[in-house]
Amino acid sequence: MTDPTAHPDETTEVDELLAAYLDNELSETERSLVETRLAEDDSFRNRLDELDRAWDMLEALPKADLDDEKFVRTTVEMITVAASQEIQQYKQQQKRSAFARQAGIALAIVALIGIGYMLTQYRLSRPDRILVEYLPVIERVDEFERVDNIEFLEALRKEGLFTGEASDES
C-alpha cells in the first residue's frame, strides 16, 4: 500500500521509477539502486507489487479489435469536426472584429461631428465676433448719425465702406 502521508510528488517519482524498473528502462546502476532499496524498504517493495499487479490486470483486459478502415474514418471525422469548429470560431471572431471596427468608425464619426458642432457653436456664439465684424461702422457711427439721406449710406455700402473694403470703381 502506498504511504498516504507521502508527498504527492514523491509518490509520483517513486511510481515512475518503479514503472521504469518494471519496463526494464533503467540503467544497470539505477536498477541496482532500486533492487537494493527493494531489499531494505517494505513500503517500496509493496508499491512495486501493487504496480506489478495493476500491470497484470491491464494486460488481462480484452484488447480492442481495431479495424483500420474504421479507425481511419473515425480519425478523419474527428479531424473534420475539429476543423469545422475552428472555422466557426474564426468566423465568429471575424464578425466580432468587423463589428468592433464598424462601431469604432461610427463612434469616431459621431465624435468628429460633435467636435465640429462644438467648434462652430463656439465660433458663432462669441459675443465679440459681431462687434469685430462691424468695427468699421462702429468707429464711424458718429459720422453716420449726421447723415440724413439713406441713399448716401447705400452708396457708401456699395463702395465697401462698411466692410472695410474699398471698391476699385471709384
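In the predicted model, Glu10 has a relative accessible area of 45% and is therefore classed as partly exposed. Glu10 belongs to helix H1, which spans residues 8-22. On the surface, Glu10 gathers with Asp9, Glu13 and Glu16 in a patch of negative charge.

The chain contains 8 helices and 0 strands, and its elements, read from the N terminus, follow the order α-α-α-α-α-α-α-α. Of the 170 residues in the chain, 12% are buried.

The largest nonpolar core comprises 10 residues, namely Val14, Leu18, Ala20, Tyr21, Leu26, Val34, Leu38, Phe44, Leu48 and Leu51. Two or more residues of this core are given by each of H1, helix H2 (28-40) and helix H3 (42-60). H1 provides the largest share, with 4 residues. In soluble globular proteins, nonpolar side chains tend to be buried together.

Charged side chains are also paired in the model, which holds 7 salt bridges. One of these joins Arg47 to Asp15, with the closest N and O atoms 2.6 Å apart. Because Arg47 lies in helix H3 and Asp15 in helix H1, this pair ties together parts that are 32 residues apart in sequence. Both Arg47 and Asp15 are buried.

Glu69 forms a salt bridge with Arg73, in which the closest N and O atoms are 3.3 Å apart. Glu69 is exposed, since its relative accessible area of 54% is over the 50% cut-off. Arg73, at 48% relative accessibility, counts as partly exposed. Elsewhere, salt bridges with shared partners join Asp15, Arg47 and Glu50 into one network.

Technical notes: Residues are numbered from 1 along each chain as its sequence is written. This is a predicted model: local features need pLDDT of at least 70, side-chain atom pairs count only at pLDDT 80 or more; totals for chains, interfaces and linings use all residues. Side-chain values use heavy atoms; hydrogens and water are left out. Patches are made of residues with over 30% relative accessible area and no salt bridge: like charges are joined within 9 Å, nonpolar side chains (Val, Leu, Ile, Met, Phe, Trp, Tyr) within 5 Å. Accessible areas come from the Shrake-Rupley method with a 1.4 Å probe; for residues, only the protein chains shown count as cover. A salt bridge is a side-chain nitrogen of Lys or Arg within 4 Å of a carboxyl oxygen of Asp or Glu. Lys and Arg count as positive and Asp and Glu as negative; His and the chain ends are not counted. The place of a charge is taken as NZ of Lys, CZ of Arg, CG of Asp or CD of Glu. Buried means under 20% relative accessible area, exposed over 50%, partly exposed in between (1.4 Å probe, protein chains only). A nonpolar core is a set of buried Ala, Val, Leu, Ile, Met, Phe, Trp, Tyr and Cys residues joined through side-chain atoms within 4.5 Å.
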